[in-house]
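Morning, everyone. Sequence and structure are going up on the screen now. I'll take questions at the end.

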Protein chains: 2
Amino acid sequence: MLDPADQALHDAVTGAPGPRQRRAIAKAITLLESTRDDHRARADELLNALLPATGRSFRLGISGVPGVGKSTFIETLGLYLIERGQRVAVLAVDPSSSVSGGSILGDKTRMERLSMHERAYIRPSPASGTLGGVAEKTRESLLVCEAAGYDIVIVETVGVGQSETAVAAMTDLFVLMQLPNAGDDLQAIKKGVMELADLVVINKADIDESAATRARAQITSALRLLGQHGHPEHARHDIKLWHPQVLQLSALKSRGLDEFWAAVTHFRELQTANGKLTERRHAQDHAWMWERIDAGLKSRFRHHPAVREALPELSREVRAGRIAASVAARRLLDLFH
Amino acid sequence: MLDPADQALHDAVTGAPGPRQRRAIAKAITLLESTRDDHRARADELLNALLPATGRSFRLGISGVPGVGKSTFIETLGLYLIERGQRVAVLAVDPSSSVSGGSILGDKTRMERLSMHERAYIRPSPASGTLGGVAEKTRESLLVCEAAGYDIVIVETVGVGQSETAVAAMTDLFVLMQLPNAGDDLQAIKKGVMELADLVVINKADIDESAATRARAQITSALRLLGQHGHPEHARHDIKLWHPQVLQLSALKSRGLDEFWAAVTHFRELQTANGKLTERRHAQDHAWMWERIDAGLKSRFRHHPAVREALPELSREVRAGRIAASVAARRLLDLFH
């Protein structure tokens with residue numbers, strides 16, 4: 001049961017769009033991001049109460065290295081969608097923002113026109129903690145935006161560590177933005193990001209058209225090889241249902257947006273019709289639960305008094321070669337219980 | 001303290017080479033591989049007792065897809081090293097062997113000449129369990145072989161799931177064997193195996209010399225790009241200290257072995273002189289301890305009575321969208337404690 005204040009918050013989030021709803025969304029997300037135990041308990045209740053109102057948005061993940069033009073693209077795309085009657089929310093996963101101080105969405109002026117629009121909601125990356133923590137907060141914020149009725153929720157990430165994997169794991173369609181540069185595709189393959197992509201977009205295609213065409217051919221052939229050679233357990237696409245596509249566009253000149261949105265819409269219709277969209281979300285929820293359990297187990301283990309006391313000494317013994325690592329692990333596990 | 005029988009086992013393992021030592025090694029490894037709790041406790045004691053005698057072997061990891069010629073290469077290399085006065089042990093990590101029934105080293109006739117040699121010891125992959133379990137057993141078997149004074153311990157793996165990562169994490173030098181085929185290198189990059197390699201060997205180079213030369217150029221340029229673009233946190237090589245090398249050879253015709261062993265020796269001398277060998281082993285031990293802790297936590301969690309009771313219902317609630325995945329995770333964690 002929600003207390004009256006949180007019930008009012010719930011009602012405002014799920015209520016009519018407008019300044020009151022925007023304030024409620026911001027307040028709900030702030031509650032979710034709090035690390036205080038009492039806040040966390042209230043946030044859990046609020047989340048569960050909002051849950052029935054979620055699940056009707058389309059979740060679009062967008063990733064790419066710094067300089068690829070993500071914010072220009074998202075602003076252009078957001079305004080394009082608003083023109084077509086949609087409401088758009090933009091969230092971000094950027095675990096580096098707390099370190100560098102420069103969140104990818106902290107600087108709101110970056111998407112000035114979009115952020116000022118009443119049909120758009122932009123929230124910067126949670127500024128604290130590990131990738132797992134940042135991703136969890138973003139995932140929960142996504143549910144709040146869904147409950148508030150945004151049609152499209154865009155989750156942006158910069159390619160830091162495993163953040164692309166985290167974003168692909170919370171979205172319906174994952175877009176990888178690339179520059180028309182040699183080596184960029186290799187890097188994406190190496191990091192396993194190419195394999196996550198449902199769509200690859202070559203941005204700034206207007207600057208050097210022949211380089212963009214070359215890059216498109218290279219990435220198309222790489223995607224084909226990845227599809228052919230992929231181990232079954234790694235395969236993310238049933239190749240007969242969806243071949244990842246490669247598109248060229250220029251976010252700055254608003255070129256290629258129709259084509260991009262047509263591809264997204266086609267994907268969404270196909271995945272909805274064949275049940276893959278729901279299947280993917282269920283699998284994501286399941287993986288998310290286990291991911292949080294793993295993180296919670298590790299954190300509880302590290303904070304356990306007996307473990308904390310024995311760990312330094314056992315670590316030293318392992319390092320000095322006086323005790324095997326697996327034996328030390330078993331001793332610590334026994335202390336934990 | 002070891003009981004008298006295990007003390008005798010310890011003394012035989014660390015004693016003089018010969019049939020008695022071989023039997024003791026086999027018996028010790030069988031004890032390590034046992035899943036019985038009392039065996040496990042004895043195995044832990046034995047491992048710790050053997051530990052001071054370990055650490056003097058060179059640990060060589062060798063991986064490659066089926067058909068690349070791993071067993072021919074390992075047999076040829078093993079005999080080459082024995083001729084030069086070395087004793088050689090061969091272990092394997094193959095988590096698929098329990099499923100397929102066809103362990104990569106189960107068929108001893110595959111390395112007939114090497115397996116018959118008194119200066120060689122060959123042990124097939126443990127036939128049970130997950131990759132983590134198989135890797136742990138192999139890692140402990142490696143320590144037994146070291147305590148028995150083998151100069152070189154070769155750990156072989158076929159490219160299944162993350163087995164290459166597991167083998168790279170227990171060896172001093174990791175070799176990736178490749179065929180002179182297009183696409184093979186892309187596959188290795190995608191799986192992140194190329195990045196793990198200290199040496200890349202193009203086998204069967206005699207069959208099509210021009211293809212082998214092309215493959216060598218391609219892989220060399222891929223390694224250079226991976227090195228340049230690598231994120232600092234992923235970088236495994238300090239590039240100024242060791243550039244991964246690409247060699248061509250023909251295991252069947254025993255061609256290229258001198259060159260291969262010269263590269264291994266150069267690597268070993270360099271890494272020993274600059275302290276990187278010890279540093280890498282320490283880091284591996286540390287990672288191994290935490291890997292086993294993680295696996296142990298998950299296993300204990302899944303077997304906890306309250307968790308087992310609540311898990312099916314909570315999973316259903318998550319699937320039905322009645323409870324958020326992160327909230328379910330927190331509830332289960334609370335039950336665990």
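Which residues does A:S163 touch, not counting residues up to four places away in sequence? They are A:V93, A:P95, A:L131, A:T157 and A:V158. Contact here means heavy atoms within 4.5 Å.

Some ground rules. This is a predicted model: local features need pLDDT of at least 70, side-chain atom pairs count only at pLDDT 80 or more, and totals for chains, interfaces and linings use all residues. Residues are numbered from 1 along each chain as its sequence is written, chains are lettered from A and ligands numbered from 1 in the order in which they are written, and side-chain values use heavy atoms, with hydrogens and water left out.

Back to A:S163. This serine lies in helix α8 of chain A, residues 163–168. Helices are DSSP runs of H or I with at least four residues, strands are runs of E with at least two, and both are numbered from the N terminus. A:S163 is buried, at a relative accessible area of 0%. Buried means under 20% relative accessible area, exposed means over 50%, and partly exposed is in between, with a 1.4 Å probe and protein chains only.

Now chain A overall. It has 14 helices and seven strands. Of its 337 residues, 55% are buried. Take contacts between residues at least 6 apart in sequence: 75% of them join residues at least 24 apart. The accessible surface of chain A is about 14,600 Å², and carbon and sulfur atoms hold 54% of that. Areas come from the Shrake-Rupley method with a 1.4 Å probe; for residues, only the protein chains shown count as cover.

Next, the core. The largest nonpolar core has 147 residues, and A:M289 and B:M289 touch the most other members. Such a core is a set of buried Ala, Val, Leu, Ile, Met, Phe, Trp, Tyr and Cys residues joined through side-chain atoms within 4.5 Å. Leaving aside neighbours within four places in sequence, B:M289 contacts chain A at A:L311, A:S315, A:V318, A:A325, A:A328, A:A329 and A:L332.

A:M289 also turns up in the lining of the largest cavity, with A:H282, A:D285, A:H286, B:S315, B:V318 and B:R319. On a 1 Å grid over the protein atoms alone, a cavity is a set of points where a 1.4 Å probe fits but cannot get out; a pocket is an open set with protein on both sides within 12 Å along at least five of seven lines; lining residues have an atom within 4 Å of a point. Points join across faces, edges and corners, and volume is the space filled by probe spheres set on them. The whole structure has four cavities of 30 Å³ or more. Helix α12(A) gives the largest share of its lining, four residues.

On to the second largest pocket, at about 1,000 Å³. It has 29 lining residues, with B:E136, B:R292, B:A295, B:G296 and B:S299 nearest its centre. Helix α12(B) gives the most, eight residues. By class, the lining has six nonpolar, nine polar and 14 charged residues. Ala, Val, Leu, Ile, Met, Phe, Trp, Tyr, Cys and Pro count as nonpolar, Asp, Glu, Lys and Arg as charged, and the others, Gly among them, as polar.

Is A:D44 buried or exposed? Buried, because its relative accessible area is 10%. Beyond residues up to four places away in sequence, A:D44 touches B:V327 and B:R330.
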